[in-house]
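This report describes the fold, the overall dimensions and a selection of residues of one protein chain. Please keep the sequence and the coordinates at hand while reading.

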Amino acid sequence: VTSEHGLREWRNGNLRACVEPADGAFRLRMGTVKSGASETNVIAAIIGVLGIAGFTSFGLWGGSDAVFLPWIMGASSASVLLANAFRLRNWARRREDQMRHIGEVAARLIT
């Protein structure tokens, strides 16, 4: 918990909540971040780029038999990115509902 210039902030892991003065009232801001999502996307993108580079170089110089591994790398990368997108979409919806509920409860508490 921190407090500075009328702003109060609470943090717990990736969850963050702030209460700040705004036009004679107070504003509640909440947010969170899905841990591991960015790292997963970066790793999948790197594997995809390596797959494309391997496909290009092996395809040009190694013949058609040599493109199997780069093709698998590219397909795996695309699969991971797609799965992460679906997972994050569901996670974001759930968190949005939770944050909305907290906001409604907070509003009822102060009225």
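**Overall architecture**

The model is a predicted one. The protein chain contains 2 helices and 4 strands, and from the N terminus on the order of these elements is β-β-β-β-α-α.

The C-alpha trace spans about 70 × 25 × 25 Å along its principal axes. The radius of gyration of the protein chain is 23 Å, whereas a compact globule of 111 residues would have a value near 13 Å. Of the 111 residues, 14% count as buried. Contacts between residues 24 or more positions apart make up 36% of those with a separation of 6 or more.

The protein chain exposes about 8,400 Å², and carbon and sulfur atoms supply 63% of that area. As for charge, the chain has 13 positive and 9 negative charges, whose mean positions are 5 Å apart.

**Helix H2**

Helix H2 covers residues 68-110, a run of 43 residues. From its first C-alpha to its last it reaches 63 Å, close to the 63 Å expected at 1.5 Å a residue. Buried positions in H2 are Pro 70, Ser 77, Asn 84, Trp 91 and Met 99.

**Contacts and separations**

Which residues does Met 73 contact, leaving aside its neighbours within four places in sequence? They are Ile 47, Leu 50 and Gly 51. The C-alpha atoms of Met 73 and Gly 51 are separated by 5.0 Å, although the two residues are 22 residues apart along the chain.

Lys 34 is placed in the loop between S4 and helix H1 (37-61). Lys 34 counts as partly exposed because its relative accessibility is 25%, which lies between the limits of 20% and 50%. Not counting residues up to four places away in sequence, Lys 34 touches Arg 87, Leu 88 and Trp 91. Trp 91 is one of the buried residues of H2.

| Pair | Separation in sequence | C-alpha to C-alpha distance |
|---|---|---|
| Met 73 and Gly 51 | 22 residues | 5.0 Å |
| Lys 34 and Gly 48 | 14 residues | 22 Å |
| Ala 107 and Gly 31 | 76 residues | 17 Å |
| Ala 92 and Ala 22 | 70 residues | 27 Å |

**A positive phi angle**

Asp 23 lies in the loop between strand S3 (15-22) and strand S4 (25-31). Its phi is near 55 degrees, a positive value in a residue other than glycine. Is Asp 23 buried or exposed? With a relative accessibility of 82%, Asp 23 counts as exposed, because that class begins over 50%.

Notes:
Residues are numbered from 1 along each chain as its sequence is written. This is a predicted model: local features need pLDDT of at least 70, side-chain atom pairs count only at pLDDT 80 or more; totals for chains, interfaces and linings use all residues. Side-chain values use heavy atoms; hydrogens and water are left out. The expected span of a helix is 1.5 Å times one less than its number of residues. Buried means under 20% relative accessible area, exposed over 50%, partly exposed in between (1.4 Å probe, protein chains only). The radius of gyration is taken over C-alpha atoms; the globule rule is 2.2 Å times the number of residues to the power 0.38. Contact means heavy atoms within 4.5 Å. Accessible areas come from the Shrake-Rupley method with a 1.4 Å probe; for residues, only the protein chains shown count as cover. Lys and Arg count as positive and Asp and Glu as negative; His and the chain ends are not counted. The place of a charge is taken as NZ of Lys, CZ of Arg, CG of Asp or CD of Glu.
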